[in-house]
Each structure stands twice: as structure tokens, then as C-alpha cells.
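Here is a short briefing on one protein chain. Look over the sequence and the 3D view, then work through the points below.

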Amino acid sequence: MSIQALLSDVSERVISQRVAIMHDEARLAYRLRANTVKTWPEFEDTIAGYVQHHYARCVTGGGRIDRSQAAGRAKEIINQQYRRQGGDARSAFRDCQDGVNGGLRQVLDLLCDSIKEEAIQFYCREVFDRYLPPDDWQRQKDMVAQFIRHCGVALPGIDRSDPGRYARDLETLVTAFVNSLKSTSTIFRKL
């Protein structure tokens, strides 16, 4: 297995075909009756229903996750994303009540984007694990060095002088790669 094969499997085109498109299509397939909600229970039902729909289409292969798990996952994502602007799930609820900041459509887009990003992270990690077997240290180190050279400065926070460090800590390398994709790739752009 060569560095070219690894690079091909983590190319924007391949990631889009194998991961991103299905998430975008799941979002497009979920229709809203309105872009606003009246009550907190309606908000919870909508975000939980969306996460159940998305997981069934993209994660569980048709199986559904429990409503309470779906609601919990949705609120976890919303809290995480809204905290960046000093808010939380209650702020998202108010946006959906008033229809501001994109309303419910924006909240569902946020859920889709977060689930898609996680799926891309998992996919990339699996590719790295496949091409960099943990039982062949020299091969891991050589492939990581080649990968870092290929990506160059596009890997934020990666010290190019010590590839062996990332051969032992692939998660840091994968996260830097996905973050790099996030800032430059069309697979993370809005629908």
C-alpha cells in the first residue's frame, strides 16, 4: 500500500462520494412544515425527529435510535455549537420560536453539518488505520512523513520536523487533516 493510495482515499472527491453526499441528501430529504416552533416540546420533537431521520439514513443503515437518545444528541450538538457564540439550546429554541438567525432550518443544518463532520473524521481515521498498520512502526513513520510532506503547511498545529510523533498519535494528525479540509474543502460548504 502506497502513499498515493492513502492520498486517493482521503481526497476531497472520494470523501464526498463515500461520506459527505449521503449526509447532504439526508438533510435535503427532511422537510419542515414551518421554520418556527411554538413550544419547547415541539422544538425537542423536531430536533429529535431530525436526528432519528439522519441517523437512519447515514449511520445505522435504516435502524432508528431511541427518541431520548436522539434528543440528547441533538441538544449536545446544539449546545456545543451555540456556546461558541455565548448561547446554548435555549438560545437555539428562541431563534426557532422567532424565526431569526435562520430559525429551525439553520438548527437542522447545524445538526447535519456536525454529524457529517464526525462521519468524515471517523472515515479518515479508518483510512489511516488501514494504511498505517500499528504493527509496522517503520512503515507508519515513513507514511506519516510522506503524508505530512505532501500536505505541507496545510496541517494546522502539526510539527513537520517530527513525523514519528504523529505515527504514534494518529488522532492528532487526522484531526488536523479534517480541520484543514474544513477550512478549504467544498464538502463542508452549506447546501
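pLDDT is the predictor's confidence in each residue, from 0 to 100. This is a predicted model. Its protein chain averages a pLDDT of 90, and 96% of the residues score at least 70.

**Confidence**
- Helix 3 (residues 40-58) has the highest confidence, at a mean of 97.
- Helix 8 has the lowest, at a mean of 84.
- Where pLDDT is low, the predicted coordinates should not be read in detail.

**Overall build**
- The protein chain holds nine helices and zero strands.
- Along the sequence, the pattern reads α-α-α-α-α-α-α-α-α.
- The C-alpha trace spans about 60 × 35 × 25 Å along its principal axes.
- The chain has 191 residues, and 49% of them count as buried.
- Take the contacts between residues at least 6 apart in sequence: 66% of these join residues at least 24 apart.

**Nonpolar cores**
- Which residues have the most contacts inside the largest nonpolar core? They are Leu6, Val10, Cys124, Phe128, Phe147, Leu173 and Phe177, in a core of 32 residues.
- Helix 1 (3-9), helix 2, helix 6, helix 7, helix 8 and helix 9 each give two or more residues to this core.
- A second, separate core has 26 residues, including Ile78, Phe93, Leu110 and Ile115.
- Leaving out residues up to four places away in sequence, Phe128 touches Leu6, Val10, Phe147, Leu170, Leu173 and Val174.

**Helix 9**
- Helix 9 covers residues 170-184, which makes 15 residues.
- From first C-alpha to last, helix 9 reaches 21 Å, close to the 21 Å expected at 1.5 Å a residue.
- Its buried residues are Leu170, Leu173, Val174, Ala176, Phe177, Val178, Ser180 and Leu181.
- An α-helix has 3.6 residues a turn, so residues three or four places apart point the same way.
- Against which helices do the buried residues of helix 9 pack? They pack against helix 2 (12-29), helix 6 (103-131), helix 7 (137-151) and helix 8 (163-168).

**Helix 4**
- Helix 4 runs through residues 67-83 and has 17 residues.
- Its first and last C-alpha lie 24 Å apart, close to the 24 Å expected at 1.5 Å a residue.
- Buried residues in helix 4 are Ala70, Ala71, Arg73, Ala74, Ile77, Ile78, Asn79, Gln81 and Tyr82.
- These buried residues pack against helix 3, helix 5 (89-98) and helix 6.

**Largest pocket**
- Rolling a probe the size of a water molecule over the atoms shows where empty space is left.
- The largest pocket has a volume of about 270 Å³.
- Its lining is made of Tyr30, Arg31, Leu32, Arg33, Ala34, Thr36, Val37, Lys38, Glu42, Asp45, Thr46 and Leu104.
- Helix 3 gives the most to this lining, with three residues.

- Val14 sits in helix 2.
- Is Val14 buried or exposed? Val14 is buried, because its relative accessible area of 5% is under 20%.
- Val14 touches Ser8, Asp9 and Tyr123, not counting residues up to four places away in sequence.
- Asn101 lies in the loop between helix 5 and helix 6.
- Asn101 counts as exposed, because its relative accessible area of 58% is over 50%.
- Asn101 is not a glycine, yet its phi is positive, at about 55 degrees.
- Most residues other than glycine have a negative phi.

Note on methods. Residues numbered from 1 in each chain as written. Predicted model: local features only at pLDDT ≥ 70, side-chain atom pairs only at ≥ 80, totals over all residues. Heavy atoms only, no water. Helix = DSSP H or I, 4+ residues; strand = E, 2+ residues; numbered from the N terminus. Expected span 1.5 Å × (residues − 1). Buried < 20%, exposed > 50% of the residue type's maximum accessible area, 1.4 Å probe, protein only. Contact = heavy atoms within 4.5 Å. Core = buried A, V, L, I, M, F, W, Y, C linked by side-chain atoms within 4.5 Å. 1 Å grid on protein atoms, 1.4 Å probe; cavity = no way out; pocket = protein on both sides within 12 Å on 5 of 7 lines; lining within 4 Å. Points joined across faces, edges and corners; volume = space filled by probe spheres on them.
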